[in-house]
Amino acid sequence: MGKVRFLIIGVGGMGREHVRRLLQVPEAEIVALADPSAAAIEQVTERFTELKTVAVYTDYREAISQAKADAAIIISPHSMHYEQGMACLDGGLNVLMEKPFVDGSENAERIIAHAASVNKHLAVAYQRHLMGPYIYIRELIQSGELGKINYICAYQAQSWLKGTTGSWRQNPVLSCGGQLNDSGSHLLDVVLWVTGLEPANVSAFIDNRGSQVDIDSAVTVRFREGAIATFNIVGSASIGWHEDVSIHGDQGTVLYRNNKIFVAKEGQRELVEVSEELPVSSDPNRDFVDLILGRVNEAAAPSSCGLRIARLTEAAWKSAANGGQVIHM
């Protein structure tokens with residue numbers, strides 16, 4: 001195979017970010033854009049002038065059948081992911097899906113099975129799997145230097161409520177959920193990824209803060225391995241972004257503080273900021289090209305990651321709807 005030819009489905013704000021990253025991959029070529037919004041198409045072609053001669057479609061189905069692409073990146077509203085993803089797989093395309101994957105765990109199971117049946121790659125754009133700081137934390141835990149993981153406290157805050165007012169993200173028909181299902185899914189995912197732990201029981205309290213979707217979520221998880229985690233996802237904050245993850249093992253602790261890492265290993269009573277060179281970061285677009293070209297055996301965030309986060313999110317919603325009842329997974 002020469003260059004991997006891409007169809008981009010959805011060229012809004014996050015779609016433009018995928019375009020930007022993909023244009024930096026020499027082995028990739030964007031051959032078509034699909035979006036029903038003429039304004040969105042105009043914005044992306046004005047920003048990236050090299051796309052002015054690329055085929056444009058208002059109907060993604062036409063794009064799949066006519067564009068002669070090898071792969072698709074789906075960055076549309078969440079409720080559309082499943083239908084569009086299935087159509088792409090049926091059209092012979094590999095699929096990279098923006099989070100939070102598809103609407104619900106049942107659809108996640110169906111599309112994963114379908115991708116396997118047609119022998120096509122299906123991955124989720126959870127970019128933290130390719131970020132140096134989180135790769136470092138995962139490798140630290142896997143090395144056993146922190147011992148058995150006992151407790152995790154994960155915190156994310158942003159002005160999500162204010163920033164998404166009036167957009168499709170607060171329309172449950174299109175978004176399939178709020179902050180927990182959107183930015184919050186990154187936090188759930190990265191904790192499960194770096195620790196390798198499997199959720200067993202979930203309890204949650206959620207406040208919509210006057211919106212139609214979840215905004216502030218307090219989620220507690222007991223893992224099968226015995227560890228406890230609290231996820232604090234705040235969509236009503238006034239700040240732009242803050243993310244903390246604290247992981248405590250019986251032989252050490254690691255803290256992530258907005259891209260800074262602090263570690264205390266056994267025998268150390270004080271945390272020390274990590275100053276060594278971190279693993280090299282990449283992004284889901286470059287990783288997906290490498291996957292299609294056979295340079296890696298598995299995507300950094302395979303579709304199974306999307307499924308497990310769908311299951312965990314559903315359990316949290318169910319618990320919150322029942323007054324914080326413990327849900328067994």
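**Figure 1. The aromatic pair.** Rings of Phe, Tyr and Trp (its six-membered ring) pair if their centres lie within 6.5 Å; planes under 30 degrees apart count as stacked, over 60 as edge-to-face and the rest as tilted. A search of this whole predicted model turns up 1 aromatic pair. The ring centres of Tyr134 and Tyr256 are 4.5 Å apart and the planes meet at 25°, so the pair is stacked. Tyr134 sits in helix α6 and Tyr256 in strand β12, so the pair ties together parts 122 residues apart in sequence. Helices (H or I, at least four residues) and strands (E, at least two) are DSSP runs, numbered from the N terminus.

Conventions for the views: residues are numbered from 1 along each chain as its sequence is written, and side-chain values use heavy atoms, with hydrogens and water left out. In this predicted model, local features need pLDDT of at least 70 and side-chain atom pairs count only at pLDDT 80 or more, while totals for chains, interfaces and linings use all residues.

**Figure 2. The mixed sheet.** An open sheet of 9 strands has the order β14-β13-β12-β11-β7-β10-β9-β8-β15, with mixed pairing. Two strands pair if DSSP finds at least two bridges between them. β14 (272–273) and β15 (327–328) are at the edges, each with a single partner strand, so one side of each has no neighbour in the sheet.

Figure 3. Strand β9 (residues 216–223) and strand β10 (residues 228–234) are antiparallel, paired over 7 bridges. Thr220 stands opposite Thr230 in β10. β8 and β9 also pair in the antiparallel sense, over 8 bridges. Val202 has Val221 as its bridge partner in β9. Val202 also stands opposite Ile327 in β15. β8 and β15 run antiparallel, joined by 2 bridges.

Figure 4. Helix α6 (residues 132–142) lies across β7 (149–157), β11 (242–249), β12 (252–257) and β13 (260–265). Its angle to β13 is about 15°. Helix α11 (residues 303–321) lies across β8 (199–207), β9 and β15, at about 55° to β8. Axes are lines fitted to C-alpha atoms, for helices over the stretch in contact (heavy atoms within 4.5 Å). Angles run from 0 to 180 degrees between N-to-C directions.

**Figure 5. Helix α9 against α11.** Helix α9 (residues 183–195) and α11 pack at about 115°, with axes 10 Å apart. The crossing is right-handed (the near helix is turned clockwise from the far one by less than a right angle; anticlockwise is left-handed). Ser185, Leu188, Asp189, Leu192 and Trp193 of α9 meet Cys305, Arg308, Ile309, Leu312 and Thr313 of α11. By class, this contact has 6 nonpolar, 2 polar and 2 charged residues. Ala, Val, Leu, Ile, Met, Phe, Trp, Tyr, Cys and Pro count as nonpolar, Asp, Glu, Lys and Arg as charged, and the others, Gly among them, as polar.

**Figure 6. The parallel sheet.** The order of this open sheet of 6 strands is β3-β2-β1-β4-β5-β6, and the pairing is parallel. β3 (55–57) and β6 (122–124) are the edge strands, each pairing on one side only. The twist averages 25° from one strand to the next. Strand β2 (residues 28–34) runs parallel to β3, joined by 3 bridges. Ala32 stands opposite Ala55 in β3.

**Figure 7. Helix α10 and its neighbours.** α10 lies across β1 (4–9), β2, β4 (71–74), β5 (94–97) and β6, at about 160° to β5. The axes of helix α1 (residues 13–22) and helix α10 (residues 284–292) come within 8 Å and cross at roughly 55°. α1 and α10 are therefore oblique to each other (under 35 degrees is roughly parallel, over 145 roughly antiparallel, 65 to 115 roughly perpendicular, the rest oblique). Their crossing is right-handed. His18, Arg21 and Leu22 in α1 meet Pro284, Asn285 and Val289 in α10.
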